[in-house]
Amino acid sequence: MTRLLLAAVCFMQAQGQLVADSWKAGVAKVDITPEKFMWMSGYASRNKPAQAKLHSLWAKALVLEDAKKNRALLVTLDLVGISRELASNVCKSAGEKFGFRRDAIALSTSHTHTGPVVGRNLNVMYFLDEKNQKLVDEYATTLEKKIVRVMGEAIRDLKPAKLQWGNGLSTFAVNRRENRGDINKLRREGKLKGPFDHQAPVLAVTDEKGKYRAIVFGYACHATVLSYYKWTGDYPGFAQIAVEKKHPEAIAMFWAGCGGDQNPLPRRTEALAKKYGDMLAKSVEAVLQGKMKPIKGQLRTLYREINLPFAALPTREKLLKDSESKNRYVKARAKYLLKKLATEEKLPKSYPYPIQTWRLGEELSWVILGGEVVVDYALRIKKEVGPKNTWVMAYANDVMAYIPSLRVLREGGYEGGGAMIYYGQPTVWAPKVEELIVDEVHRQIKQLRR
């Protein structure tokens, strides 16, 4: 009798575990390549719209649902970035139409520099006439609708699934602040300097029979191999194409890590963009062919916007002086901020910075940050939280500026403060931004682990 009772208890526990570990997933994608040749994003030096297309740009959606009906929705976009306004509009629509909370939606951009201008993102960088501004506005409206549409398609595609994860390695990212000259020679001689993050995380979603449905992977490196006038997803686009060629039944999805100060070097040719894409795809395949860890347990999500403080704000007198500057970008920012002052009376002392964390099962933590985050953040967060089971995404939900660590902020340069001009931000960040961000990440991870 005792044996029968023990057997029954074990059976019930096993059945309960099967239910607890059961997942559903849905995937979909939609082409978001502009229908008309319009202005391209990423480089201030451009002087004309796109002229051709090398390959299509995509919005791809993955919905995950655990046994308790907790859901998360990841959207990856072959775009340089998105604004807070666009993200808010999309998430509001997803909430109204599909019942998704804000913490359960992550909008990730690849940061390709051969995609279109997206709404007001990098608004001081471009000097567009009425015709080109109209194309930008029309594209932003169409993009919002397409993102919401692909979300709905992925939700309707929900089916039983298995989730596995692992970490790969790809070595083409180089710290662009620390290295100049013949990069290949420096690489051969082992003389490359500066911090980097060569981890290539992989999430594999399969059906119950093991057939791939989605292959999600990330890497911390700028998508700046190409700078010409063709639509492309740069190396992330080539990587996704290569993964889908290897696994035509699956949708490949790329997310950008903390590559704010990382470049693919050398660069500037299609051959190199394809080479780096193929290298990353091979790293992904090595993970898929290796021993991946199954994701068991629940899905938990958090999202919070913290007030990220600026340093001392410019006075009205300083802005008036800058509005007469010979530097067209300094001048444009000053006029933009003066207009803001006229309607709002004072400039904001901080920015509502998005920090999001997903807990996938019992082990994997996924930190999701806004802006162009430098690599120091990923290295620090993974060191303090767990280097093997923590992923750190950047360029997500709102790409409002570079996010320098205290080290980079003190060193200055483009990532340390110069780029704030092109984003239309009033000044550089305050020194405590790194601690504020990392503290909130710790708070969220601690809460999810409980």
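This is a predicted model: local features need pLDDT of at least 70, side-chain atom pairs count only at pLDDT 80 or more; totals for chains, interfaces and linings use all residues.
Is Asn397 buried or exposed? Asn397 is buried, at a relative accessible area of 2%.

**View 1. Asn397 in the loop between β18 and β19.** Asn397 is not a glycine, yet its phi is positive, about 70°. The residue counts as buried because its relative accessible area of 2% falls under the 20% cut-off.

**View 2. His111 in the loop between β5 and α3.** Strand β5 covers 105–109. His111 is another non-glycine residue with a positive phi, about 70°. Its relative accessibility is 2%, so His111 counts as buried.

**View 3. Helix α2 against helix α3.** Helix α2 spans residues 84–98, and helix α3 spans residues 130–156. Their axes come within 10 Å. They cross at roughly 35°. The crossing is right-handed. On the α2 side, the contact is made by Leu86, Asn89, Val90, Ser93, Ala94, Lys97 and Phe98. On the α3 side, it is made by Ala140, Leu143, Glu144, Ile147, Val148, Met151, Gly152 and Ile155. Sorted by class, the contact of α2 with α3 holds ten nonpolar, three polar and two charged residues.

**View 4. Helix α5 against helix α6.** Helix α5 runs over residues 234–246, and helix α6 over residues 270–289. The two axes come within 7 Å and cross at roughly 50°. That angle makes α5 oblique to α6. The crossing of α5 and α6 is right-handed. From α5, the residues in contact are Tyr235, Phe238, Ala239, Ala242, Val243 and Lys246. From α6, they are Glu270, Ala273, Lys274, Tyr276, Gly277, Asp278, Leu280, Ala281, Val284 and Glu285. By class, the contact of α5 with α6 has ten nonpolar residues, one polar and five charged.

**View 5. The cis peptide bond between Leu265 and Pro266.** Omega for this bond is about -10°. Pro266 sits in the loop between β12 and α6. Strand β12 covers 262–264.

Conventions
Residues are numbered from 1 along each chain as its sequence is written. Side-chain values use heavy atoms; hydrogens and water are left out. Axes are lines fitted to C-alpha atoms, for helices over the stretch in contact, and angles run from 0 to 180 degrees between N-to-C directions. Helices (H or I, at least four residues) and strands (E, at least two) are DSSP runs, numbered from the N terminus. A crossing is left-handed if the near helix is turned anticlockwise from the far one by less than a right angle, and right-handed if clockwise. Contact means heavy atoms within 4.5 Å. Ala, Val, Leu, Ile, Met, Phe, Trp, Tyr, Cys and Pro count as nonpolar, Asp, Glu, Lys and Arg as charged, and the others, Gly among them, as polar. Angles under 35 degrees count as roughly parallel, over 145 as roughly antiparallel, 65 to 115 as roughly perpendicular and the rest as oblique. Buried means under 20% relative accessible area, exposed over 50%, partly exposed in between (1.4 Å probe, protein chains only).
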